[in-house]
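Here is a friendly walk through the place where two chains meet. Please keep the model open beside the text as you read.

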Amino acid sequence: MRQLQHGDVLIKEVKSIPAKATKCVRREGKIVVAEGEATGHHHVIASKAAEMFFVTTDGHRVCYLEVIEPVTITHEEHKPMTIPPGKYAVQQVREYNYILDMEQRVID
Amino acid sequence: MAIKWPDGWGLYMMNGIKMKPEYITTPATEISVDTVLAERNVDQRRELIRKVGVSRMVHAGKVVEESNGYKLVDMAPVFTGIPYAPHLLMKNPSVPDTYHLEGVAPECKTVQQAINWRGGDISIHWEPESLN
């Protein structure tokens with residue numbers, strides 16, 4: 001299965017997207033795949049050839065991407081990357097915080 | 001301060017990243033390694049590493065393994081009462097000459113295990129065909 005990584009965003013190919021998944025609303029016509037909480041920088045797909053979905057289970061949100069034609073994901077600090085057609089789960093890199101003794105997702 | 005308004009409010013920035021004022025006003029030699037590792041935001045941490053120097057960060061720990069441009073560094077000497085605190089040192093593929101140093105779980109003993117763990121599962125090989 002295809003593995004892609006754009007900064008702290010992990011894009012993992014999956015066989016299917018859950019039928020109960022809800023389509024995400026575009027922002028100014030663009031898919032915001034992940035938001036930079038401190039910098040305001042976003043991982044964005046502008047193309048209409050992809051849609052993002054989410055499923056919330058026990059308060060935990062899992063996001064998916066369905067890509068019909070090759071699309072480009074962009075970010076202010078990362079080189080653009082092409083995502084081939086397919087279905088993907090979107091996750092975020094995690095790290096371990098030894099001061100708090102807990103794992104946490106990477107934030108930028 | 002990168003920009004300052006007449007009322008005194010302003011922004012402290014490093015290479016386009018908004019920083020805490022003390023990160024700018026404190027000389028690099030006076031910023032401790034644990035201060036860098038305690039910074040929650042990875043972009044700010046990256047800029048702090050650029051400021052204090054990656055070699056100083058690595059010298060504060062002990063290199064466990066080096067592979068494919070990555071270093072697994074045990075930063076336990078920086079912390080109190082923690083016997084093993086692996087961190088993965090990696091070059092930023094998009095921003096030239098910058099590095100990230102991110103903690104990984106204590107069960108990570110190799111660079112690949114650390115990469116896998118960051119990708120969500122220590123037992124699943126994570127090797128993206130595209131990494132930007």
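Gln5(A) faces Leu131(B), a residue of strand 9 of chain B. That strand runs parallel to strand 1 of chain A (residues 3-6), and two bridges join them; two strands count as paired if DSSP finds at least two bridges between them. Helices (H or I, at least four residues) and strands (E, at least two) are DSSP runs, numbered from the N terminus.

A word on conventions: this is a predicted model, in which local features need pLDDT of at least 70 and side-chain atom pairs count only at pLDDT 80 or more, while totals for chains, interfaces and linings use all residues. Residues are numbered from 1 along each chain as its sequence is written, chains are lettered from A and ligands numbered from 1 in the order in which they are written, and side-chain values use heavy atoms, with hydrogens and water left out.

**The interface**

Taking contact as heavy atoms within 4.5 Å, 38 residues of chain B touch 30 residues of chain A. Together the two chains bury about 2900 Å², and 50% of that lies on carbon and sulfur atoms; buried area here is the accessible area (1.4 Å probe) that two parts lose on being put together, summed over both. On the chain B side, the residues that lose the most area to chain A are Arg40(B), Trp126(B) and Asn132(B), with 24% of what that side buries between them.

Between the chains there are 23 residue pairs in polar contact, both residues at pLDDT 80 or more. A polar contact is a pair of N or O atoms within 3.5 Å; within protein, one must be able to donate a hydrogen and the other to accept it, and residues adjacent in sequence count only if both atoms are side-chain atoms. Among the elements giving two or more residues to the chain B side are helix 2 (33-38), helix 3 (42-52) and helix 5 (111-118) of chain B. Helix 3 of chain B gives the most, with four residues.

**Salt bridges**

A salt bridge is a side-chain nitrogen of Lys or Arg within 4 Å of a carboxyl oxygen of Asp or Glu. Some of the pairs are listed here.

| Pair | N to O distance |
|---|---|
| Arg45(B) and Glu95(A) | 2.9 Å |
| Glu77(A) and Arg46(B) | 3.0 Å |
| Arg46(B) and Glu47(B) | 3.0 Å |
| Arg94(A) and Glu103(A) | 3.1 Å |

How are Glu77(A) and Arg46(B) placed? Glu77(A) sits in the loop between strand 8 (71-75) and strand 9 (78-83) of chain A, and Arg46(B) in helix 3 of chain B, so that the pair crosses between chains. Burial means under 20% relative accessible area, exposed means over 50%, and partly exposed lies in between (1.4 Å probe, protein chains only). Glu77(A) is buried at 14%, and Arg46(B) is buried at 1%. Glu47(B) is buried as well as Arg46(B). Shared partners link Glu77(A), Asp43(B), Arg46(B), Glu47(B) and Arg50(B) into one network of salt bridges.

**Helix 5 of chain B**

Six of the eight residues of helix 5 of chain B are buried, including Val111(B), Ile115(B) and Trp117(B). Just after this helix, Gly120(B) has a positive phi of about 120°.
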